[in-house]
Amino acid sequence: MTTPARIDAAPRSPFQLAFRRLLLNRAAVAGALVIVVMCVSCVLLPILLQLDPNHTQPALRNLPPSSRFPFGTDSVGRDVLARVLVGGRASLLVGLASTAVSVLVGVSYGAVAGFYGGKVDDAMMRFVDFLYGLPYMFLVILIMLMFSETARGEMLPVFLALGLVQWLTMARIVRGQVLTLRNQEFVQAAELLGASDLRILVRHVLPNVVGVIVVYATLMVPSVIILESFLSFLGLGVALSWGQLVSDGVAVVNPIRSYWWLLFWPSAFLGLTLLSLNFIGDGLRDALDPKART
Amino acid sequence: MSQNAAKDALQVRDLSVSFVNRDRTVRAVEGVSFALLPGEVVGLVGESGCGKSVTSLSILGLHEKPAGRVSGSIRLGEQELLGLPNAELRRVRGNRISMIFQDPLTSLNPYLRVEEQLGEVLELHLKMTGQPARARMLEILKQVGIPGEERLRAYPHQLSGGMRQRICIAMALLCNPEVLIADEPTTMLDVTIQSQILDLLRGLRRARGMSILFITHDLGVVAELCDRVIVMYAGRIVEQGPTAELLRRPLHPYTEALLKSTPRVEVKGGGELHPIAGLPPRLSGEKLTECAFAPRCTRVREGCRGAEPALETTPDGRLRRCVIPIAEMLERS
């Protein structure tokens, strides 16, 4: 006991250890790279190449991919590359922002319910059950329609509508985690040492749930992007997003002449993004698994 | 006990804890009274489910809420703890009265460095941060036998079980509590570490004059550490007395049975073991119509039925809850 044993020069926190495990996961790293490249190109390329997604050139309608228009042009002569990149901004932003909204609402709601338990928990979770019971598309469309007159095609209502629908599962997951953590001895110990409820929740309980939240949030981003695409498909989403582009592309598919590039590029970008996000989510889940200490 | 109430470090009087569910009531602790003198180590022993832990948790107001109902009186020095508003109770906990838990693996937050966990206590109670806090942490770590600054920066997963329990003890001692409640702090540790931790507690008690309520089901540990022993069964105190006498001459058949079911070092092969047949009773709300131990007692007789025996003081100042004549208990054991 008296001989001081050697200890790592730099003690690593559980998060650092998880990050190291994540870096060993090739699929997750590749996914992360794809997402970074995707974000950077969607944000920067249209500016650098001076691409205008709404510039119409009636003389250059429905051109297949060529060196001048790598992704072709659409039925009114707009550059599909520009539209896919700018549409990607909207899709990615919706994915992130709506997830942020739902994490914010879901985590605080679930944490409070799980921490206080008993009647508080009962009441709060029955409300969640009630919302679960409503068809979520109906809710989304309702929220969207409330904004439709003032802000059609804008992003904020979409963030809110999707975020406010997605938080339910997050709340349930966090609540379950907090409920089990609540009875862990270190939480009791913190309580015993005189820490206030808020302090215990923020400092002792939530850091132990972060892993689950991160994983679930990463997996929520693609599902939100899909939802937005679906809304766009119905004509309720953001004016220019991947979903909207896919919808436009589907509209011109016909047996006589296929303008395949109108459907292919936005679908490919959408698919690649969703796949990468899922890889990251899976990688994070494995890396943050508390039973896998290395 | 009550004559020098003012001098008691901790005084528990007529403590009852019951848990009310939708369909049934469990009376986990029933009319428990005891006191701890300053610097005294008192063992609280009994089988699992006999109310030891509930007693200790309710002293700190940490019993399950809102299902748990506590009545009676719990005085820490001059201050009544029961019914104290939460904000004031928080000022007492971790400061004047502290607790260490059974499982050192789960009683530290895996995401905080040792210095952060220790620092939290100092910040909360003494408003101490920065360099003075660090100095205090190093001092307390040295007292619990963990030298070296690098341990402060370690995370719990980098420390062994015994080391973590030392950290827990350090955390409990930071504010110089008057009373320490130790809930089976050695059960999860191996025997060599166990004796180190016991040595540590013994030393700390001597150095600080701190009272310790030591909860355990290990009579060996009790014999080593405690001045006095309280034996609980079915949420009640069934016997209480100075350690040596109680272990040598138990006056309650339950204590006797506990002793007979414990292996002994001085007898070859550990001696013959006699497990106690059956299980502790389920504690429903009804009043007992016989001694709670009667169904499992080997000395049970007519007098045990009818009503629950009262807790009586024996001529030599011990307490017991049994109708069997003392002479008979002494003679046969």
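The model is predicted, so local features need pLDDT of at least 70 and side-chain atom pairs count only at pLDDT 80 or more, while totals for chains, interfaces and linings use all residues. Residues are numbered from 1 along each chain as its sequence is written, with chains lettered from A and ligands numbered from 1 in the order in which they are written.

- Strands here are DSSP runs of E with at least two residues, and helices are runs of H or I with at least four, numbered from the N terminus.
- Strand β10 (residues 236-242) of chain B has six of its seven residues buried, so the rest of the structure largely encloses it; buried means that 20 or more other C-beta atoms, placed from the backbone, lie within 10 Å of the residue's own.
- Six antiparallel bridges pair β10(B) with strand β9 (residues 228-233) of chain B, pairing being at least two DSSP bridges between two strands.
- B:Arg228 sits opposite B:Pro242, and in the hairpin, with two residues between the strands, B:Ala234 has a positive phi near 50°.
- β10(B) also runs antiparallel to strand β12 (residues 319-320) of chain B, joined by two bridges; B:Glu239 has B:Arg320 as its bridge partner there.

**Helices α3(B) and α4(B)**

- Helix α3 (residues 114-126) and helix α4 (residues 130-143) of chain B pack at about 110°, with axes 10 Å apart; the axes are lines fitted to C-alpha atoms over the stretch in contact, and angles run from 0 to 180 degrees between N-to-C directions.
- The two helices are therefore roughly perpendicular, a term for angles of 65 to 115 degrees.

Conventions. Buried ≥ 20, exposed ≤ 12 C-beta atoms within 10 Å, placed from the backbone. Parallel < 35°, antiparallel > 145°, perpendicular 65-115°, else oblique.
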